[in-house]
Amino acid sequence: MTLLAVAAAYVVGAVPIGFLIARAFGIGDIRRHGSGSIGTTNVLRTLGRTPAILTLFGDIAKGYAAVALAARLGGDDPVVTAAGAAAAVVGNCWSVFLGFRGGKGVATGLGALLRLAPLATLAALPVFLVVAVTTRFVSLASLLSAACVPFGALALGAQRAYVVGAFVVAAIVIVRHRENIARLRTGTERRLGERRTPSPEGSRP
């Protein structure tokens, strides 16, 4: 049942919400546009606000549902539930439906963490909002808020398995943002609302 619970969480997390929404809105493969990501930010830049909102809430919902399903199948065992949270984010980032490629795990991780450590996750949301509004770097806001959750869970006395699960989720999000981190360090990361500057060689194929 433990393996079934974790596998089920992975499959739910692997549903490519942004990819499906982009196709529904007639854009085709979202990975051929913008940054190539299937996440909310690229959907926003490529298709606009409504598809982006649908992607955001769809990814949050699937993250929450994946952990809830893992908890139910695993008899509410904390270790299984925490493993389900990690599996959901792994599914989003390396989706079996997209050839083991996918998003960066932020919105799915948010949904998973809302089920795993709700108070710590809610406490980290203001960090995201403040950083995003003041800097307009969505990547930086995502990184800092994700890093806050496991420490918040630890400070609030969450079960050890949930704290470890939150650390794993945060680590996956950080690893998936390694290119963004490099661009932040070099000052080439795009801000929210900033258009891509065409390269001398031409547009992205």
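Against which helices do the buried residues of helix 1 pack? In this predicted model, where local features need pLDDT of at least 70 and side-chain atom pairs count only at pLDDT 80 or more, totals for chains, interfaces and linings use all residues. Residues are numbered from 1 along each chain as its sequence is written, and side-chain values use heavy atoms, with hydrogens and water left out.

The buried residues of helix 1 pack against helix 4 (49-73) and helix 5 (78-93), where contact means heavy atoms within 4.5 Å, and where helices are DSSP runs (H or I, at least four residues) numbered from the N terminus. These buried residues are A5, A8, A9, Y10, G13 and A14; buried denotes under 20% relative accessible area, exposed over 50%, and partly exposed in between, with a 1.4 Å probe and protein chains only. Helix 1 comprises 13 residues (residues 2-14), which at 1.5 Å a residue should span 18 Å, and its end C-alpha atoms are 18 Å apart, in agreement with that value; the expected span is taken as 1.5 Å times one less than the number of residues.

L69 is placed in helix 4 and counts as partly exposed, at 31% relative accessibility. When its neighbours within four places in sequence are left aside, L69 is in contact with A8 and V12. L69 and L110 are 41 residues apart in sequence, and their C-alpha atoms are 16 Å apart in space.

The axes of helix 6 (residues 106-116) and helix 9 come within 10 Å and cross at roughly 175°, the axes being lines fitted to C-alpha atoms over the stretch in contact, with angles from 0 to 180 degrees between N-to-C directions. The two helices are therefore roughly antiparallel to each other, a class that covers angles over 145 degrees, as against under 35 for roughly parallel, 65 to 115 for roughly perpendicular and the rest for oblique. V106, G109, L113 and L116 of helix 6 make this contact with Y162, G165, A166, V169 and V173 of helix 9.

A search of the whole structure finds one aromatic pair, a pair being rings of Phe, Tyr and Trp (its six-membered ring) with centres within 6.5 Å, and planes under 30 degrees apart counting as stacked, over 60 as edge-to-face and the rest as tilted. The ring centres of F151 and F167 are 5.2 Å apart and their planes lie at 80°, so the pair is edge-to-face. The pair links distant parts of the chain, with F151 in helix 8 (residues 138-155) and F167 in helix 9 (residues 160-176), 16 residues apart. F151 is exposed, with a relative accessible area of 53%, whereas F167 is partly exposed, at 34%.
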